[in-house]
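The points are grouped by topic after the display.

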Amino acid sequence: MSDVNRKWVYLIVLSIIWGTSYILIKKGLEGFTPIQLGSVRIVITSVVLLTVGYKSLRNISGKEWFWVALSGLFGSFIPVFLFSYAETEIDSSIASILNSLVPLFTILIGFFAFRISFTRNQLAGVLVGLIGAILLIYMGSNINPGKNYWYAGLVVLATILYACNANIIKSKLQEVSAMGIAVGNFAFMVIPAIVLMILSGALSSSVREGDYFISSLGYVIVLSILGTCVAKVMFNRLIQISSPVFSVSVTYLIPVVGIFWGLLDGERFSIWQVVASGIILLGVYLVNKKRNASRS
């Protein structure tokens with residue numbers, strides 16, 4: 001399969017996996033606190049990746065280890081906890097939609113940190129997307145006044161970190177295999193995650209005896225293996241065979257999957273939130289369309 005076809009397959013599969021991740025986080029929080037869920041998720045992922053891919057670490061040079069560690073911090077460690085905390089107050093479908101801001105921040109960070117140029121039309125797309133995000137948060141706070149929609153800011157922060165990660169992988173880690181990046185990421189994260197898991201009491205008797213412990217642990221295991229292990233390797237490879245902006249365009253499709261699961265779980269979603277979501281995706285479309293046009 002050519003890289004052109006492979007990148008589209010990766011994009012579709014990743015959208016399904018990551019679009020499902022938000023409802024898995026929500027269900028995992030029934031039996032765990034955000035810190036517990038995040039730390040358990042990282043530990044499970046680390047064990048799986050280090051078991052199957054530890055040999056790939058040999059191909060990472062000394063100068064690349066810094067960027068591998070930074071990629072892990074920005075692309076996995078911090079966002080895992082940000083999303084867990086955010087979904088204690090906002091719906092999983094809203095989190096999936098706000099994640100669509102990643103391509104917009106990828107453009108901005110690519111310019112300011114890595115001197116990757118962008119056009120005025122791409123800047124317009126960024127502004128349109130941000131307006132849509134503000135409207136989405138505002139509408140959500142009106143529909144669900146009992147929830148604290150300031151927590152949506154945690155998702156926005158996570159999207160900025162994801163954008164940093166995409167640019168780091170494309171500009172600094174092109175020579176490292178997708179598996180090597182993923183395993184290297186979690187080799188750095190596993191010790192801090194184990195410490196957090198112990199300190200948070202994730203496996204204490206009070207947690208293990210809870211009504212939702214078994215089901216929540218099951219959701220976290222699925223989230224770890226599919227949503228992190230498999231998806232992480234696929235995403236790293238997608239960045240390498242395409243561009244940072246194309247790779248994060250997976251966020252076009254993630255909201256569709258995320259909203260689907262949210263509605264099945266009884267989450268409320270108004271027509272005005274649909275409009276705000278459309279504005280965000282319009283901004284993402286403008287950014288990606290103009291970037292593709294500039295390459296043709």
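In H2, Leu37, Val40, Arg41, Ile44, Thr45, Val48 and Leu49 meet Leu217, Val220, Ile221, Leu223, Ser224, Ile225, Gly227, Thr228, Cys229 and Val233 of H10, where contact means heavy atoms within 4.5 Å. The residues of this contact comprise 12 nonpolar, 4 polar and 1 charged (Ala, Val, Leu, Ile, Met, Phe, Trp, Tyr, Cys and Pro count as nonpolar, Asp, Glu, Lys and Arg as charged, and the others, Gly among them, as polar). The model is predicted: local features need pLDDT of at least 70, side-chain atom pairs count only at pLDDT 80 or more, and totals for chains, interfaces and linings use all residues. Residues are numbered from 1 along each chain as its sequence is written, and side-chain values use heavy atoms, with hydrogens and water left out.

**Packing of H2 and H10**
- Helix H2 (residues 34-53) packs with helix H10 (residues 213-241) at an angle of about 55°, and their axes are 9 Å apart.
- This angle makes H2 oblique to H10 (under 35 degrees is roughly parallel, over 145 roughly antiparallel, 65 to 115 roughly perpendicular, and the rest oblique).

**Serine 71**
- Serine 71 lies in helix H3 (residues 62-86).
- Serine 71 is buried, at a relative accessible area of 0% (buried means under 20%, exposed over 50%, partly exposed in between, with a 1.4 Å probe and protein chains only).
- Leaving aside residues up to four places away in sequence, serine 71 touches Ser76, Asn165, Ile168, Ile169, Leu173, Ile181, Asn185 and Lys232.

**Helix H5**
- Among the buried residues of helix H5 (residues 102-114) are Val102, Pro103, Leu104 and Phe105.
- Arginine 115 follows H5 and has a positive phi, near 55°.

Conventions. Axes are lines fitted to C-alpha atoms, for helices over the stretch in contact, and angles run from 0 to 180 degrees between N-to-C directions. Helices (H or I, at least four residues) and strands (E, at least two) are DSSP runs, numbered from the N terminus.
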